[in-house]
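Biologist: Before we go through the packing and the surface of this predicted model, could you put the structure up?

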Amino acid sequence: MTPFEIGLMALGGMGLLVMGGMFVPIALILMSFLGVWAIKGSPILAAKMLGLAANDAIASYFFGVVPLFVLMGFIVSEAGIGRDAFAVANAMFRRIKGGLGVGTVAANAIFAAVTGISIASAAVFTKIAVPEMRRHGYTARFSVGVVAGSSVLGMLIPPSLLLILFGLLAEQSIGDLFVAGIVPGLLLAAFFGFGVIGMAIFAPNFVGSTLQAGADDDAMSGRELVLKALPITALIALVLGGIYRGFFTPVEAGAIGTIGALIIGLIKRSLSLPALWRVLVDTGLVTASVCFLIIAAQMYSRMLAFSGVPGAFGEMAAHADLDLLGLMLLYVGIVILLGMILDSSSIMLILVPLMLPIIIPLGVDLVWFGIVTVIAVEIGLLTPPFGISVYVIKSTLDDDEVSLGDIFIGAAPFALLMLVCLGLIIVFPSIATGLLN
């Protein structure tokens, strides 16, 4: 049996294990070990080679960016900055048709710029925005749909955990990926905002009565607006401005941002000792999970390299006369289909190591490829039957009147808007790479 055939069998076996319910990293590690064993003919050699792969995966200095940005995100969430972001955004947009929905999108964009975790955004704004939107006459479907749709901004607007994961998998500059995610993230937020206004005008039955949030109880003085907006703005400027201006590396930015978020939380007196302990525990759990994912991905990449599967697929693509656009459309279609059954990190772990050897010889800008990948993966956060953001909203909302189907229906227009935005970025790569150039 040739290494190529062994590699194909390992891929097939991994797919069967994942579909059977096995945790994706475990399936990756198991099939990688069996694949290298079959190729090299020695289980001891396979274990040693995969052990080296595991060490290489997390030995890099840049891996430190993961726990630091995760810690900053949890501190920001615990400190109530999400509530402040919603209050500021609502004050800015409350007089527009569908303004509270636009404010929710804007608040999620602001929150994304200091967290980078979509699940955190979904949980926070389900508690904050959904009750307010329903109080002002929006339908339940639209209210949860806005939160579900805009929550995915956390995985694109930097700092983003998925961009960090892609940077580690593809060995690309995390700082460059962060900068490249700014314009696409803002563009997607603008698409969502105009989409909300359009739905409020042309689909009033879907959106609801949308009473204007301009009553006295919603009013905010200029001084209150500044006091709520200043800490968020300062933290965003500190982290992203520091990276963009070259004052510090992404790892240092994560540390500085964490200190800044901690100071803001202490000044606001919203961080207690039990809350800090919860933050540290949650950070440890997420970091360990991401670490395990990256180790599994590195082992999987080594097995693929030994088998020669990516190179063979690259030759097939070359002989199939697929241009770059055709190849990217095929890739995006596969990512979106996998998004219906797998979570975001698992999709990247499976596909990115397989695609890199195929697209690198084509001279593709890997930073642009990373942005395309993350947006395509994000669409999977909103598609049934998996749609992890939808499940987070359902569990956080705890309302029997709002079903999973209602949330998926509410999120559908935002998934379509994401497809349009993704198409623009594929056709016009400078949207992602313009700031870098």
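Biologist: Leaving aside neighbours within four places in sequence, which residues is Trp368 in contact with?
Modeller: Trp368 is among the residues with the most contacts inside the largest nonpolar core, which has 151 residues. Once its neighbours within four places in sequence are set aside, the residues in contact with Trp368 are Met328, Ile425, Ile426, Pro429, Ala432 and Thr433.

Biologist: Which helix gives the largest share of this core?
Modeller: Besides Trp368, the core residues with the most contacts include Tyr300. The largest share of the core amounts to twelve residues, and these come from helix H14.

Biologist: Is Ile256 buried, partly exposed or exposed?
Modeller: Ile256 is found in helix H13, and together with Leu238, Ile259, Ile263 and Ile267 it makes a nonpolar surface patch of about 440 Å². Buried means under 20% relative accessible area and exposed means over 50%. Because its relative accessibility is 32%, Ile256 counts as partly exposed.

Biologist: How far apart are the end C-alpha atoms of helix H6, and what span should its 14 residues have?
Modeller: Helix H6 covers residues 99-112, and at 1.5 Å a residue it should span 20 Å.

Biologist: What is the relative accessible area of Ala46?
Modeller: Ala46 lies in helix H3 and, not counting residues up to four places away in sequence, touches Phe33, Val36 and Trp37. Ala46 is buried, and its relative accessible area is 0%.

Note on methods: Residues are numbered from 1 along each chain as its sequence is written. This is a predicted model: local features need pLDDT of at least 70, side-chain atom pairs count only at pLDDT 80 or more; totals for chains, interfaces and linings use all residues. Side-chain values use heavy atoms; hydrogens and water are left out. Patches are made of residues with over 30% relative accessible area and no salt bridge: like charges are joined within 9 Å, nonpolar side chains (Val, Leu, Ile, Met, Phe, Trp, Tyr) within 5 Å. Accessible areas come from the Shrake-Rupley method with a 1.4 Å probe; for residues, only the protein chains shown count as cover. A salt bridge is a side-chain nitrogen of Lys or Arg within 4 Å of a carboxyl oxygen of Asp or Glu. Helices (H or I, at least four residues) and strands (E, at least two) are DSSP runs, numbered from the N terminus. Buried means under 20% relative accessible area, exposed over 50%, partly exposed in between (1.4 Å probe, protein chains only). The expected span of a helix is 1.5 Å times one less than its number of residues. A nonpolar core is a set of buried Ala, Val, Leu, Ile, Met, Phe, Trp, Tyr and Cys residues joined through side-chain atoms within 4.5 Å. Contact means heavy atoms within 4.5 Å.
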